[in-house]
Every structure is written in structure tokens, then in C-alpha cells.
Amino acid sequence: MHMADALLSPGVGGTMWAATAGVAAYSIKKVQNDIDEQKIPLMGVMGAFVFAAQMINFTIPATGSSGHLGGGMLLAILLGPYAGFLTMASILVIQALFFADGGLLALGSNIFNLGFYTCFIAYPLIYKRIIRKGYSTGRIFTGTLLASIIGLQLGAFSVVLQTLFSGKTELPFGTFVMLMQPIHLAIGVVEGLVTAAVVGFIWKARPEIIEKAAAGEALGGISIKKVLAGLAIVAVITGGIFSWFASAYPDGLEWSMLNTSGKEELEAPDGIHQTLSSIQEKIAFLPDYSFKNQEQKVSADAPETEEAWPAVNVGTSVSGLVGGVMTLLLAAITGFSIYVIKKREKASAV
Amino acid sequence: MPNLVESLYNIRILDELAEKRTIIHNIHPLMKVLTTGVYLMVTVSFGKYELSGLLPLIFYPVVLITLADIPIVPIFKRVLLVLPLIIGIGLFNPLFDKNPMIVLPWIQISGGWISFFSILIKGFLTILAALILIATTGMTRIASALRIMRIPRLFIMQLLLTYRYISVLIEEVGRVVRAYSLRSPGEKGIRFSNWGSLTGQLLIRTLERAQRVYHSMCCRGFAGEYNVGREKGMGIGDIVYFVGWSLYFVIIRYFNIPAMIGSLMMGVGK
């Protein structure tokens with residue numbers, strides 16, 4: 001459920017960057033107060049653990065679709081919401097840079113969608129509320145499962161809103177919501193069960209980790225060795241039980257998009273997109289001028305050959321095409337000439 | 001599992017590329033980060049029906065890839081792996097938007113297809129820009145650029161440590177999986193009965209190694225600061241790089257150069 005740069009407008013992308021930067025700055029301030037040196041490598045290890053665990057696909061039974069462990073809730077529960085959010089953010093930064101997952105402009109949206117809702121909404125409002133009466137296996141299970149599901153639902157809804165406010169796709173609001181929410185409910189249940197099993201196990205093996213994180217204390221007093229042993233056990237559980245779900249089916253978002261693309265009911269008219277796209281035009285950083293306007297402007301000087309064609313004239317379409325081809329050719333020539341010059345320089349140097 | 005090995009390979013390729021010393025690699029990381037930012041903003045700011053105006057943006061990756069000696073195949077492979085998601089969402093546009101927009105004597109193209117290709121090109125360019133940034137700069141130099149941008153030390157340290165531990169973890173996994181496959185001929189993967197013990201042992205070993213790394217960091221004087229070395233000062237060339245590209249991006253944002261070339265050609269042709 002990573003957002004992509006190509007689906008975002010600068011306005012939406014920039015806003016989400018600002019929101020994420022704000023949350024991150026606040027988290028850093030909070031973490032800095034109780035940070036001790038040992039917690040930094042622990043955050044690093046947990047980040048790497050989630051990074052690797054995310055590569056396991058979890059099949060949603062009977063749908064042919066699959067989901068990933070987001071890890072946001074696990075990080076919030078084990079490290080606390082502030083350190084959890086920062087760890088999630090660094091995972092997403094690395095994914096955006098090295099794997100082009102999402103992209104750099106969409107990074108703000110992705111950190112917000114996957115980190116904020118889990119760490120700052122679902123964790124305090126659901127998990128901690130349920131846990132308040134005291135820890136028990138049942139409460140930990142219910143709290144983790146519910147918090148994971150709701151965190152992911154909010155994140156998925158956020159993806160819908162960001163896409164629609166950006167106005168790059170023609171998908172109507174209702175259709176998109178009906179695609180995203182049920183799919184991510186299924187993914188959320190799988191993710192919730194994984195997280196609940198892991199947290200439940202840690203609670204049995206090293207209860208103080210969970211209690212201290214929930215109380216907002218630093219992990220300073222806990223020996224790193226015990227934490228590491230606990231994490232190793234968690235790894236055994238995730239690997240042993242859930243790897244069996246691992247599959248190479250397409251990601252839930254892709255599946256929900258592609259599986260429905262041919263259906264008739266998608267044609268339903270929807271006014272909200274028009275409204276949203278006009279909002280997008282207003283919040284765009286640079287003034288927008290559409291292809292259509294450009295066509296009309298240029299059409300005065302361009303030669304007209306046929307009147308029979310409606311809406312737009314042939315001349316401008318052809319000249320746009322010719323210009324485009326010329327540009328690409330020029331780009332290819334530029335690249336090739338740099339390559340040749342560099343090769344010659346190398347040869348003469350030898 | 002192949003995912004893990006492949007991602008290690010991917011990180012390695014990008015890390016190694018970042019170690020090259022070309023004219024692009026030598027540019028100050030801050031200027032490269034800022035230029036990438038301007039490029040991304042300009043790219044996505046194009047309206048959804050603007051297709052020809054987008055094309056001059058391709059000069060940026062073409063020039064950088066050739067000047068920085070970046071091999072095309074692994075980079076394009078990466079781009080192609082990410083594109084399907086964008087195509088999945090973009091394909092709805094031709095379904096919903098059927099107004100003819102480009103009309104040629106032999107073909108009519110609807111607005112939906114125009115906006116689909118616009119999304120596709122934007123996706124291609126933005127993914128490429130991010131990969132070029134990391135391939136010519138590397139993680140530690142990006143971190144030093146972030147430091148100059150006053151991103152708090154704690155976050156940068158956490159980012160770099162996560163990055164380091166990922167390599168450690170994946171490297172270990174790759175070795176164990178290779179050893180396992182050599183000892184279990186005929187098996188396509190790791191048997192279910194071995195999954196738990198294999199993954200568990202891996203993580204214990206990796207965590208122990210991470211702790212050893214931390215201890216040796218302490219022995220070498222780690223006091224809460226991840227030293228990435230001193231970045232060379234910014235020269236006039238670095239500023240020219242940033243200003244030059246930004247100017248180019250802004251010009252092509254305001255003037256549709258391919259359309260101008262096209263109408264000029266057509267006019268001359270008559």
C-alpha cells in the first residue's frame with residue numbers, strides 16, 4: 001500500500017511531508033529525553049528485523065491475494081510510539097531510496113500512512129485502552145489484533161484520500177474506498193494475527209519489555225541480552241508459524257486494482273472526483289495549464305488540414321507528436337554523445 | 001527467500017555504484033538531494049493531460065546516467081519491478097475518461113489514455129530519479145546532506161544503523177540459504193520443518209553480531225555520534241549544478257518545448 005510519486009500532486013505530497021516532519025520532530029524530542037545509547041542499536045536491530053519480515057508475503061486464504069507485515073504496531077508496542085514511529089520512518093526511507101518503493105515525494109505520505117495511524121492513533125487509543133485493566137494473554141491478543149486492523153484501515157483510507165486529492169486518477173471515491181477497505185481489512189487481520197502472536201510471546205518470555213514500553217519508559221534498565229533473546233524467540237515464531245503463509249501472490253493493492261478493472265459497475269458516475277480535482281488545481285504549487293488549453297493556444301499558428309475532426313484539430317496533434325519524437329531523439333543523441341566523448345577520453349588516457 | 005538475496009544484491013549494486021568517482025559523484029550531496037527534490041516537484045506538478053511537455057524531463061536521467069557511468073540494465077530492472085502498481089491504478093483512466101483528446105486522421109486517442117501515459121511517464125521518471133540519487137551519492141553522503149539540512153542527529157544515526165543492520169541481516173540469510181540448498185538437493189526451498197529453527201538461529205546470530213558491532217563501536221569511541229567523515233566544502237560547480245538544473249526544470253515547466261519544436265517544424269515544412 002505504498003503511495004507512488006506519480007499518483008501524487010505536489011500539494012498533497014508537500015502537505016504530507018510537512019505533517020510527517022512535524023510528527024517526527026515531536027517524536028525525536030520525546031525520545032531524546034529518555035534515550036540511552038543502548039536503545040539506538042536496539043532500534044536499528046528492530047528496524048532491520050521488520051525490514052526482513054516485511055519480505056514475507058502473507059496469503060489471505062481463499063482470495064489469491066496476499067499482504068505484508070507492516071510492522072508499525074509491533075514497533076510501537078516494543079519500542080513505544082515515538083521510537084516506533086522513527087524506526088518505521090527509517091525503514092521507509094531506505095525502501096524508498098534502494099527499492100524505489102513509493103518514491104521520495106510520496107515518502108511523507110507513506111511514513112504517515114504506515115507509521116502515524118498505528119503509533120499515534122491505534123496504539124494509544126485501542127491497544128493501551130484495552131491493556132489498561134492489566135496485562136493478560138487475552139487482552140494482549142485482542143488489543144494487538146484490533147489496533148493492527150484499525151491502524152491499517154486508517155492507513156488505507158488515507159491512501160484513498162491522498163490519491164483522490166491529487167486528482168491524477170479517474171477512480172471515483174466510492175469505488176476506490178470499496179476496493180481498498182475490504183482488501184486491507186483482510187490484510188489487517190493477517191497482520192494483526194502475526195503481531196498478536198509475536199507480542200503475546202514476548203509478553204510470556206520478557207513481560208517487562210512490553211510493560212515498560214507501554215509505560216513510556218526507556219528500555220535502559222533492561223539487559224540487552226534478554227531483549228535479544230526475546231527477539232530471537234519472536235523470530236522463531238514469525239518464521240516458523242507464518243512463513244507457511246508466505247507466497248508470491250500480488251500485493252493487495254495491485255490485486256484490488258487489477259481484479260476489478262473490467263467490471264461494469266465501475267462506470268458509475270461520481271461527482272466528487274471533479275470537485276477534488278478542481279481543489280487540486282487550486283493547491284498545486286505551479287500554475288496548471290492543461291494539454292487542452294495548450295492545444296487551443298497553438299492551434300492558431302498550426303496548419304489545419306481537416307475540419308471534419310471534432311474537438312481538436314489534426315495539425316496541433318501532429319505537431320505535438322513530431323515535437324515529442326524530436327525531444328526524445330535529442331535526448332538519445334545527447335546521451336550517446338556523452339558516452340562517446342567519455343569513451344574517447346578514456347582511450348586517450350590509456 | 002530469493003527476495004532477501006535479491007534485495008541484498010540490489011543494495012550492493014547501488015552501494016558499489018555510489019563508490020565510483022565521476023563528475024556527478026563528486027558533486028556535493030546536498031546539491032544533489034535538492035536538485036532531485038526540484039526535479040520530483042516539477043515532474044509531478046505537470047497536469048494530467050500534459051504529455052509532450054513532460055518529455056524534456058528525460059534529459060536529466062539521460063545526462064546523469066551517462067556522466068555517472070551507471071549501468072542501465074540493473075537500474076531499469078528495478079524501475080520495471082515497481083511500475084506495475086502505478087500501471088494498475090493508471091489503467092482506470094482510459095476506462096473512465098473516454099473523451100477524444102488527440103485526433104489524427106488515422107487514430108483517435110482519448111483523454112484517459114493521455115492521462116494514463118502521463119502517469120506512466122511520471123512514474124518512470126520519479127523512480128529513476130530516486131535510484132540515480134542513491135546510485136551516485138550513497139547512504140552515508142545522503143546522511144551528511146541531511147545533517148547539513150539540520151535533520152536531528154538522532155534520526156540520522158538511527159537511519160544509518162538500520163541501514164547497516166539490514167545488510168548484516170540479509171548477508172547472513174543469503175549465506176545460510178545457499179548452504180542449506182547445497183545440502184538438500186532436489187529441494188526447491190527450505191522445508192517447512194526447518195523454517196523456524198533456520199530463521200530463529202539466523203536472527204540470534206545476527207543480533208549477536210549486531211551487539212558485537214555495537215561493542216566494537218564503543219571500543220572505537222562511539223559516544224552517540226555516527227561519524228560519516230567530513231563532507232568537502234561546497235564549490236561554485238556544485239551551486240552551478242543545482243541552479244542550472246533547477247532553471248532548466250522551471251523553463252520546461254512553463255514552456256512546452258516539444259510542442260514549440262513541433263509547430264516550428266510543421267510551419268517550416270509548409
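## Strand pairing in chain B

Two strands count as paired when DSSP finds at least two bridges between them. In chain B, strand β1 (residues 100-104) runs antiparallel to strand β2 (residues 107-110), and four bridges join the pair. Pro100(B), for instance, has Ser110(B) as its bridge partner in β2(B). The two strands make a hairpin, with two residues between β1(B) and β2(B).

## How confident is the prediction?

Let's turn to the scores. The model as a whole has an ipTM of 0.82 and a pTM of 0.74. For chain B the average pLDDT is 81, with 83% of the residues scoring at least 70. For chain A the mean pLDDT is 70, and 60% of the residues reach 70 or more.

Within chain A, the elements span a range: helix α5 (residues 107-131) has the highest mean pLDDT, 91, while helix α12 (residues 291-299) has the lowest, 39. Where pLDDT is low, the predicted coordinates should not be read in detail.

## Chain A in outline

Chain A has 13 helices and two strands. Of its 350 residues, 52% are buried. Among the contacts in chain A with a separation of 6 or more, 76% link residues 24 or more positions apart.

## The largest nonpolar core

The largest nonpolar core holds 149 residues, and those touching the most other members are Met46(A), Leu86(A), Leu92(A), Ala130(B), Leu131(B) and Ile132(B). Helix α6 (residues 111-137) of chain B supplies the largest share of this core, with 14 residues. Setting aside residues up to four places away in sequence, Ile132(B) touches Pro61(B), Leu64(B), Ile65(B) and Ile70(B).

## A closer look at Ala135(B)

Ala135(B) also belongs to helix α6 of chain B. Is Ala135(B) buried or exposed? Ala135(B) is buried, because 28 other C-beta atoms lie within 10 Å, and the cut-off for that class is 20 or more.

Beyond its neighbours within four places in sequence, Ala135(B) is in contact with Leu14(B), Leu17(B), Ala18(B), Ile70(B) and Ile75(B). Lys20(B) is 115 residues away from Ala135(B) along the chain, yet their C-alpha atoms are separated by 9.2 Å.

## Helix α2 of chain B

Helix α2 (residues 29-45) of chain B has 17 residues and reaches 24 Å from its first C-alpha to its last, close to the 24 Å expected at 1.5 Å a residue. How much of α2(B) is enclosed by the rest of the structure? The helix is largely enclosed, because 12 of the 17 residues of α2(B) are buried. Among them are Pro29(B), Lys32(B), Tyr39(B) and Ser45(B), along with Leu30(B), Met31(B) and Leu40(B).

Note on methods. Residues numbered from 1 in each chain as written. Chains lettered and ligands numbered in written order. Predicted model: local features only at pLDDT ≥ 70, side-chain atom pairs only at ≥ 80, totals over all residues. pLDDT = per-residue confidence, 0-100. Core = buried A, V, L, I, M, F, W, Y, C linked by C-beta atoms within 7 Å. Contact = placed C-beta atoms within 7 Å. Expected span 1.5 Å × (residues − 1).
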